Amino acid sequence: MTHSHTTQLAPIEIAFEAFQQQFPTFAATRSLDTLRATEYARLDAQQQVYLDYTGGGLYAECQLREHLELLCNHVFGNPHSTNPASQAMTTLVDRARQYVLTYFHASSDEYVVIFTANASAALKLVGESYPFTTSGRYLLTFDNHNSVNGIREFAHAKGTPIIYEPLVPPDLRVNETHLYQMLTQARPGQPNLFAYPAQSNVTGVQHPLDWIAQAQSLGWDVLVDCAAFVPTNHLDLSVWHPDFVPLSFYKMFGYPTGIGCLLARKSALAKLRRPWFAGGTITLSSVLAADETGAGFYLTPGEAGFEDGTINYLMLPAIEIGLRYLEAIGMEMIHERVRCLTGWLLAQLLALHHSNGQPVVRIYGPTTTERRGGTIAFNFCDPSGTVLDCYQVQEDANQCGLSLRSGCFCNPGVREIALGLPREDLASAFRQKEHITYEQFLHVIDGRTQGALRVSVGLATNFSDVYHFLRFAQSIIDRFTSSPPTEQTRLSPESSSLVCLCGYNDTRRDKQFCPRCGRPAL
């Protein structure tokens, strides 16, 4: 059976009508179109199609106005004091902290909010302070952000066994029977930490929150990375009780950047032992009494003992503003809009075929909206089935005003399973990492797909956005790879430098691979 590529995408009005028939609940989200036209008017004014919500949310103009008005009409000082300006700021900091608890339905008797620079900083707090021992375990899924993977270095330094739970293609989910077997290996009474994402930042897979109580009942402290989950889903901490929840607020509502938090159960926080102290984390310290480790300072109890230095206090009122903005819209509405647009986009991408019947798109992860979010990872393929260079495709998308993302998205576990990278080749290279360069390491996987593309929808996405992306995807039909991978970076005819497709300019011409994106150079 062959598929004709000559079938044109229906005009947007007709396509939208068919979309609404397929997803009738989309009509209940139409108020978001009004917000798109008012609070996010800059997108259409600049003819931008933004499909990188997993990378970062977009702010509404009303958030900026309200925050600026607050700053213009008050005098705020460093909250580490009792003067009037400091007290005014302390009140707003405390209010923001309480609002975070309220938003996530977290009892102040059970949870504390520790403000950090981002989710990664929150994860580092857990990793450096968790009481890893040789008798404990660190269990984590292949599907994890590098900031969760990085905790294994703290575990390794203390001799803790590190166990990875694999993913099962093609949906790239976890085999729950096998996971349960791994969870039963916890040694009672020992520090055992289990970490996984509520939603994959690559495939959109939503891993079960049921694992939290199951793991805890078997002797595990549970860390659930919610950075990709909470922008379009409600996390109710009166129902689920993970021990540690890292997140970044800019992924939820765009502004401000530079602030995240760690929601930590008080019982779990009491187990942590900070490896140092800083300004803001102690009530008193001494130089004369610092004659042995642990002497000469008093750590501030609670969340303040984990907030190093001065927190980003002027930005914290913007957290409450952003959370109130999401509450006014309603997370159920955001979730439903994302589900509808994601479902349509998945179906349309899977329907694309070359003239010879070969599929145009290879999706990594679930191909339906069941137990998944609005993030889609994929590659385009040519009529022979060869994967097109994702970096070149992104360059083409850039020219069309499309903001999507390419690479491995700081999630090597998903990348390695999805792209079929051989374990032994990777392990062999890492065993020699002290003796080979980064460029030589890239040579190990030369000739294999090194990345993928990712689109993600969010609060401000409308049908026009996904429609225009699909129109771009149709332009891939019957496109062949223009050259083998080894010819992707070559000498610029206008200069004596090597100019990579990603834009990196090597004026010395001394590299075999582009240090920015990894393409081989001629």
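Predicted model: local features only at pLDDT ≥ 70, side-chain atom pairs only at ≥ 80, totals over all residues.
Me: Why is G57 called buried?
Reply: Residues count as buried under 20% relative accessible area. G57 has a relative accessibility of 14%, and therefore it is classed as buried.

Me: Where is G57 found, and what does G57 touch?
Reply: G57 is found in the loop between β1 (49–50) and α4 (61–72). Leaving aside residues up to four places away in sequence, G57 touches Y250, K251 and G254. Contact here requires heavy atoms within 4.5 Å. As for Y255, its C-alpha is 8.0 Å from that of G57, although the two are 198 residues apart in sequence.

Me: What makes β14 and β15 a pair?
Reply: Two strands pair if at least two bridges are found between them. Between β14 and β15 (residues 452–456) there are 3 bridges, so the two strands meet that definition. They run antiparallel. For S406, the bridge partner in β15 is L453.

Me: What makes β11 and β14 edge strands?
Reply: The open sheet has 4 strands in the order β11-β12-β15-β14, paired antiparallel. β11 (361–364) and β14 (405–407) each pair on one side only, and are the edge strands. From one strand to the next, the twist averages 35°.

Me: Which helix lies across β12, β14 and β15, and how does the helix run relative to β14?
Reply: Helix α15 (residues 390–399) lies across β12 (375–380), β14 and β15. The helix runs at about 165° to β14. Angles are taken between N-to-C directions, from 0 to 180 degrees.

Definitions and conventions
Residues numbered from 1 in each chain as written. Heavy atoms only, no water. Buried < 20%, exposed > 50% of the residue type's maximum accessible area, 1.4 Å probe, protein only.
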